[in-house]
Amino acid sequence: MATIPSQYKAKIIELYNLGHCMRQISEELGYSLNAVYYFMRKHNIARRDLVTSAKFRFDHKPLSYNVPTELSPEQERLKLLGITLYWAEGYKTEKSSGIDFANSDAAMQALFLRFLREVCQIDETRITVLLYSHNLKNVPAQIRYWSRQLNVPQENFSKPYIAKSVSGLEKKSKMPYGLVHLRYADKKLLWQILDWIEELKQ
């Protein structure tokens, strides 16, 4: 195993403090991973704990969306509508892994998705839809309906949730196409929208 020269200490500390993992440092310097482990032990370079390491990885993870620095008047209006809708109908808990917007109104869901697409410029592959239905027989037709309304492929629909209810007929009349959770898997975007909601409150 090739030994890393001592003069690399400042460089290794700099890279590590920038959030590089030891594998990335080994690739950057051209030394083996074991050599980096040995060097850090030898020079008493404190390693991050698991929580700090996870935070570094999260902070340095590339964004899956791209909000333009300047929005057109139409985009500004759409942004305001999207933020307001999520404030009213979105899951806002810190434990959420991303966007989760639930509603049975197709026009409202389509408007919120338009906000994600045109203002946040999201990665379409991260969109998933969960159908909440009261009638197993209606599920295929309901999925086709929502797929058309949202312009989201049926392959992006997760396994539907079938609710057991004694008032199925009443639910059927109120939500003939069921209810959907429109989801987008990016917690950073969730935090961005939550920040916008806080600004809106002011």
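**Figure 1. Phe112 and Phe115 in helix α6 of the predicted model.** Phe112 and Phe115 are both buried. The two residues belong to helix α6 (residues 106-118), where a spacing of three residues places them about one turn of the helix apart. Among the elements of the protein, α6 has the highest mean pLDDT (97), whereas helix α8 (residues 168-174) has the lowest (52). For the protein, the average pLDDT is 85, and 88% of the residues score at least 70.

**Figure 2. The aromatic pair Tyr86 and Phe101.** Nine aromatic pairs are found in a search of the whole structure. In one of them, the rings of Tyr86 and Phe101 have centres 6.5 Å apart and planes at 25°; the angle is under 30 degrees, so the pair counts as stacked. This pair links distant parts of the chain, since Tyr86 lies in helix α5 (residues 73-89) and Phe101 in strand β1, 15 residues apart. Tyr86 has a relative accessibility of 0% and counts as buried. Phe101 is likewise buried, with a relative accessible area of 0%. One aromatic cluster is formed by Tyr86, Phe101, Phe112, Phe115 and Trp196.

**Figure 3. Strand β4 and its pairing with β1.** Five of the six residues of strand β4 (residues 179-184) are buried, which leaves the strand mostly covered. Strand β1 (residues 99-103) pairs with β4 in the antiparallel sense over five bridges. Within this pairing, Phe101 stands opposite Leu182 in β4.

**Figure 4. Strand β4 and its pairing with β2.** Strand β2 (residues 127-133) and β4 are also antiparallel, and their pairing extends over six bridges. Thr128 stands opposite Arg183 in β4. In a regular strand the side chains alternate between the two faces of the sheet.

**Figure 5. The largest nonpolar core.** This core comprises 35 residues, and those with the most contacts inside it are Phe112, Phe115, Leu116, Ile122, Leu189 and Ile193. Two or more residues each come from α5, β1, α6, β2, α7 (139-150), β4 and α9 (187-201). The most is given by α9, with six residues. In soluble globular proteins, nonpolar side chains tend to be buried together.

**Figure 6. Contacts of Ile122.** Ile122 is among the residues with the most contacts inside the largest nonpolar core. When residues up to four places away in sequence are not counted, Ile122 touches Ser64, Tyr65, Leu113, Leu116, Arg117, Ile127, Tyr184 and Leu189. A second, separate core of 12 residues includes Ile12, Phe39, Met40 and Ile45.

**Figure 7. His43 in the loop between α3 and α4.** His43 is placed in the loop that lies between α3 (33-42) and α4 (50-59). With a relative accessible area of 18%, His43 falls under the 20% limit and is therefore buried. Not counting residues up to four places away in sequence, His43 touches Ser6 and Lys9. Lys9 is 34 residues from His43 along the chain, and the C-alpha atoms of the two residues are separated by 7.8 Å.

Technical notes:
Residues are numbered from 1 along each chain as its sequence is written. This is a predicted model: local features need pLDDT of at least 70, side-chain atom pairs count only at pLDDT 80 or more; totals for chains, interfaces and linings use all residues. Side-chain values use heavy atoms; hydrogens and water are left out. Helices (H or I, at least four residues) and strands (E, at least two) are DSSP runs, numbered from the N terminus. Buried means under 20% relative accessible area, exposed over 50%, partly exposed in between (1.4 Å probe, protein chains only). Contact means heavy atoms within 4.5 Å. Two strands pair if DSSP finds at least two bridges between them. Rings of Phe, Tyr and Trp (its six-membered ring) pair if their centres lie within 6.5 Å; planes under 30 degrees apart count as stacked, over 60 as edge-to-face and the rest as tilted. A nonpolar core is a set of buried Ala, Val, Leu, Ile, Met, Phe, Trp, Tyr and Cys residues joined through side-chain atoms within 4.5 Å. pLDDT is the predictor's confidence in each residue, from 0 to 100.
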